Amino acid sequence: MKVLSGIQPTGAIHWGNYFGAIQQYIALQNNEQAFYFIANLHALNQVRDAAKLHEYTFEMAIDLLALGLDPNKATLFVQSDVPEISQLCWILLTGAPMGLLERCVAYKDKVAKGQPADAGLFTYPVLQAADILAYDSDTVPVGADQVQHIEVCRDLAGSFNHQFGQTFVMPKAHVLEASARVPGTDGEKMSKSYNNTLAVFEDAKAQRKQIMRIVTDSRPMDQAKEPAGDVLYDLFSLVAPDADRESMAALYRRGGFGYGDIKKALADAAEKFWAEPRARRAELAAKPDQVRQILGDGAAKARKKAAEVLKRAQKACGIPA
Ligand code: TYM
């Protein structure tokens, strides 16, 4: 299996990022090839402040390492350190149908809200396709929101292969059903743009406060409730051990519980679950040179592979390589 995925450095990493994608990065890092990168070129669409983009990019590397990404197994790098991606993106842009990109949700939503969208947002899925195809990846671990982009990538690869001969490997999205769409504190998909995130590297006390403020329904105390689909239960089931999850589900079905107690149980489980990575993060943050070295080594490895695939694509379509 050849695995690849990317994450945008647009601010603090949240539970949705971890359970939807990063836990899969870690689980799949023993594969023949695992490439994980920090998508700073994509983030430039949103982060329009040079110092912030620098900071978020480096902090994201520390976050991923603290969560268990092992540079001895997987290759970790920054997207812009592989300029071949932008070259490959151009080649793919030349065959990308407008209609296909117009149907992509990020762009469509912005236009529907009457907000101005730029060409960077419009062509975002093509850059993502270049990311995936440049490493001959066949497996892309992501949350459900990215599946459409992987489909666009498959369309672009398929039509290039059809026109110019077999060049690109067909990738597949790898989505974990149980955490494909982690809810935020308001029940919508957890997302920075909805302002409903729980940050992974949050101070435990501050996170407890956030959890206690989650708005719940006005169900009477004695009434039983189906656990799945309830925000508190869904979040609890991500961070609690299996046995606790089962007893919590039984409690919901029995009724007679108050949401205050559930919130407390959720905050306790979260504090336990994140304690280790939070401690590890503090250690790594004190060794920035080591992190820089990991990113430098990763970029060299990634570039080598991307250059090989770019050359193949250039040759196929008649550009001197
Ligand atoms: P990004 O930075 O928005 O999110 C990173 C990963 O986190 C997942 N995710 C979620 N999963 C479940 N529930 C949620 N609430 C939730 N929120 C975020 C996302 O699905 C994603 O896997 N376009 C990508 C970055 C990218 C990329 C790539 C990914 C650029 N090139 C190539 C894969 C392959 C993005 O915006 O992810």
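Asp-63 is buried in this predicted model. Its relative accessibility is 6%. Asp-63 pairs with Arg-281 in a salt bridge, and 2.5 Å separates the closest N and O atoms. The two partners come from distant parts of the chain, 218 residues apart. Asp-63 sits in helix α3 (residues 50-66), while Arg-281 belongs to helix α13 (residues 259-285). Arg-281 has a relative accessibility of 15%. Because buried means under 20%, Arg-281 counts as buried too.

Side chains of opposite charge can pair when their charged atoms come close. Asp-242 is partly exposed, at 49% relative accessible area. Arg-245 is also partly exposed, at 27%.

Helix α14 (residues 288-317) holds another such pair, Arg-292 and Asp-289. Their salt bridge has its closest N and O atoms 3.1 Å apart. Since these residues are 3 apart in the helix, about one helical turn separates them. Arg-292 is partly exposed, with 47% relative accessibility. Asp-289 reaches 56%. Exposed means over 50%, so Asp-289 counts as exposed.

Salt bridges also join into a network here. Its linked members are Asp-136, Lys-305, Glu-308 and Arg-312. How many salt bridges does the count come to? The count comes to 17 salt bridges.

Technical notes: Residues are numbered from 1 along each chain as its sequence is written. This is a predicted model: local features need pLDDT of at least 70, side-chain atom pairs count only at pLDDT 80 or more; totals for chains, interfaces and linings use all residues. Side-chain values use heavy atoms; hydrogens and water are left out. A salt bridge is a side-chain nitrogen of Lys or Arg within 4 Å of a carboxyl oxygen of Asp or Glu. Helices (H or I, at least four residues) and strands (E, at least two) are DSSP runs, numbered from the N terminus. Buried means under 20% relative accessible area, exposed over 50%, partly exposed in between (1.4 Å probe, protein chains only).
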